[in-house]
Structures are given as C-alpha cells and as structure tokens.
Amino acid sequence: MKQEKIIEKTLSYSVNVSNSKVDSLRVNNDLQTVVRVFDDGKIGIAGQIGDSDGSELVKSAQAKLTQGIPYPCNLTEGKERKENTFHGIFGEGEMVPACKSLLAKLSNQYPDFIFSNKINYQKRDYTYTNSKGTEFNYVSDSVVTSLVIKAAESANIMDLGYDAMQSYFNEDEIVEDIGKLLKA
C-alpha cells in the first residue's frame, strides 16, 4: 500500500483598520494533516485539523478504501526538496506598531481621506512525504495590505481601494503607492 502525508501549518495575523486606526488584532495558528492511501487502484483520504496521530489517520484512510474510489497513483520516488522563501517580515509583537506607524503616515500625508479594512500577515509551512521516500518542504511568508479609502467629505461608503501582496513590509512604499492613486 502506498501513502502520502501532507502537513500544513499556518500562522496568520489580521489587523483590522477602522477610521485610519488599528482597531483589533486576530491571531490564528492552524495545523492541518491529510493522509492519502492508495491500494489496488483505489484511494482513501483522511484529514484532521489540529494535532493528529498519524497512525489513526492512516487507519481512517485505509477504511475509506472500501468506498472503491478509483484513482491512478504514480508516486514520485526518492526525491527531496526544500524551498524557504521566509523573510521574517514581522517578528513577534512588531505588526501592530508597524501598522499604527503606516496609518499615522497616511493620515498625516492625506488628511482628507479615511482608511479602513485589513492588513494581513501569513507564515506558511507545507510538508509533503510519501512511502516512496519523497519529501518536500516549503516555508514562506507574505503580507497583504488591503485598504478601503474614503474621501472624508464623501457620502460614499468607499471611493477607492488599495491592495498589495508582498514578501516585505515597507510603509514608505505603501504611502507612496497610495499617494499615486489619490493624486490620479
């Protein structure tokens, strides 16, 4: 019997922005494990959120082989690869002060506008292994700045939006990018 195991660890911070101020911070630390087993041209899958006993997931996936779901399986054999694009954009406790600083700069440079919505940071760690000796690991992080912009005197709910996904956080670049939009 052949098998694969996929483990996904995700740490995410979400800063809620309201009226050009940091309103709240949400932190999620998620772990998900999926096991796929293959036997006689059939597949069985089991998964769990949170810590898991890998042997229990294998048993659960094996039990699902009886469903008879056909699946051709050609597992990669004996390959190993590690990709690390992790930049450490924010250390512990750094995100909220960085967001407050960004919003202060935006408010100072563009006092006729109100900024709201979210700034999200996510660190991802994916690991794949199979029974043929293949291992793959990928670690990365990114920040998404997603701001809704409203002219202070406008009756609209929003007048403009700004979204940027980056592997770094540079508040001066963000202020400059938003300035290009506002000046247009």
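Modeller: Ala46 is found in strand E3, and the model is a predicted one.

Biologist: Is Ala46 buried or exposed?

Modeller: A residue counts as buried when its relative accessible area is under 20%. Ala46 has a relative accessibility of 2%, and therefore Ala46 counts as buried.

Biologist: Why do the buried residues of helix H1 lie on the same side of H1?

Modeller: Helix H1 spans residues 54–63, and its buried residues are Gly54, Leu57, Val58 and Ala61. In an α-helix there are 3.6 residues a turn, so residues three or four places apart point the same way.

Biologist: Against which strands do the buried residues of H1 pack?

Modeller: Ala46 is found in E3, and E3 is one of the strands concerned. The buried residues of H1 pack against E1 (2–18), E2 (21–39) and E3 (42–49).

Biologist: Over how many bridges do E1 and E2 pair?

Modeller: In this pairing, Glu4 stands opposite Arg36 in E2. The hairpin of E1 and E2 has 2 residues between the strands, and Asn19 takes a positive phi near 50° there. The two strands pair in the antiparallel sense, over 17 bridges.

Biologist: Which residue in E5 stands opposite Ile7?

Modeller: E1 also pairs with E5 (residues 113–130), in the antiparallel sense over 14 bridges. The residue in E5 opposite Ile7 is Thr127.

Biologist: At what angle do helices H2 and H3 pack?

Modeller: Two packed helices are described by the angle between their axes and the distance between the axes. For H2 (residues 95–109) and H3 (residues 171–183), the axes are 10 Å apart, and the angle is about 35°.

Biologist: How do the residues of the contact of H2 with H3 divide into nonpolar, polar and charged?

Modeller: From H2, Ala98, Ser101, Leu102, Lys105, Leu106 and Gln109 meet Glu171, Asp172, Ile174, Val175 and Ile178 in H3. The residues of this contact divide into 6 nonpolar, 2 polar and 3 charged.

Definitions and conventions
Residues numbered from 1 in each chain as written. Predicted model: local features only at pLDDT ≥ 70, side-chain atom pairs only at ≥ 80, totals over all residues. Heavy atoms only, no water. Axes fitted to C-alpha atoms, helices over the stretch in contact; angles between N-to-C directions. Helix = DSSP H or I, 4+ residues; strand = E, 2+ residues; numbered from the N terminus. Contact = heavy atoms within 4.5 Å. Nonpolar A, V, L, I, M, F, W, Y, C, P; charged D, E, K, R; others polar. Buried < 20%, exposed > 50% of the residue type's maximum accessible area, 1.4 Å probe, protein only. Pairing = 2+ DSSP bridges.
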